[in-house]
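This briefing covers selected side-chain interactions and the surface of one model.

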Amino acid sequence: MKKKIAVMATVLAVCGSLLAAADYTIMEKADKVETTVYGSVQSGAMNDRVDNLDVLINGKKTVTGTVENRTDSLYNDVYGSNGSDLSMLAAVNMMQWRYFGVVSHEPIVERVSALEQSLNGKVS
């Protein structure tokens, strides 16, 4: 029963994010991604903030184009888009459920660090 509830909550969270995505400005999308990833909105120039997210999420700078295109790409990486692969948020939720039996609402960096510590004995 708990497993079904967690899966339903994950689906609703991802689907709800997708439906509301069209209403967000670029700044709001960046703020939302940073809050989900880091736990808070970061300070600094928008280009630097997007570059830092890109390196953290993808391991290196991978997204190109305008700041709008880069922000949209990172938003889609974290929350998914129609017809895309599994979103980062959904993947972390599923891994957390699989290994800990619970899905927390902590920032992604903290959740991934906890998974790495539990599985590898250290955080990379």
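The side chains of Arg-49 and Asp-31 form a salt bridge with an N to O distance of 2.7 Å; a salt bridge is a side-chain nitrogen of Lys or Arg within 4 Å of a carboxyl oxygen of Asp or Glu. This pair joins distant parts of the chain, 18 residues apart, with Arg-49 in helix α3 (residues 46–58) and Asp-31 in helix α2 (residues 26–38). The model is predicted: local features need pLDDT of at least 70, side-chain atom pairs count only at pLDDT 80 or more, and totals for chains, interfaces and linings use all residues. Residues are numbered from 1 along each chain as its sequence is written, and side-chain values use heavy atoms, with hydrogens and water left out.

**Salt bridges**

- The structure holds five salt bridges.
- Glu-34 also forms a salt bridge with Arg-49, with the closest N and O atoms 2.6 Å apart.
- Arg-70 is buried, with 8% relative accessibility.
- Not counting residues up to four places away in sequence, Arg-70 touches residues including Asn-47, Val-50 and Asp-51 (contact means heavy atoms within 4.5 Å).

**Aromatic residues**

- A search of the whole structure finds two aromatic pairs (ring centres within 6.5 Å; planes under 30 degrees apart count as stacked, over 60 as edge-to-face and the rest as tilted).
- Tyr-75 and Tyr-79 have ring centres 4.7 Å apart and planes at 40°, so the pair is tilted.
- Tyr-75 and Tyr-79 are separated by about one helical turn because they lie four residues apart in helix α4 (residues 67–79).
- Tyr-75 is buried at 1% relative accessible area, and Tyr-79 is buried at 3%.
- Ring pairs link Tyr-24, Tyr-75 and Tyr-79 into a cluster.

**Nonpolar surface**

- Met-95, Tyr-99, Phe-100, Val-102 and Leu-119 form a nonpolar surface patch with about 470 Å² of accessible area together.
- Helix α5 (residues 88–100) contributes the largest share of the patch, three residues.
- Val-102 is found in the loop between α5 and α6 (108–120) and is partly exposed at 43% relative accessible area.

Terms used:
Rings of Phe, Tyr and Trp (its six-membered ring) pair if their centres lie within 6.5 Å; planes under 30 degrees apart count as stacked, over 60 as edge-to-face and the rest as tilted. Helices (H or I, at least four residues) and strands (E, at least two) are DSSP runs, numbered from the N terminus. Buried means under 20% relative accessible area, exposed over 50%, partly exposed in between (1.4 Å probe, protein chains only). Patches are made of residues with over 30% relative accessible area and no salt bridge: like charges are joined within 9 Å, nonpolar side chains (Val, Leu, Ile, Met, Phe, Trp, Tyr) within 5 Å. Accessible areas come from the Shrake-Rupley method with a 1.4 Å probe; for residues, only the protein chains shown count as cover.
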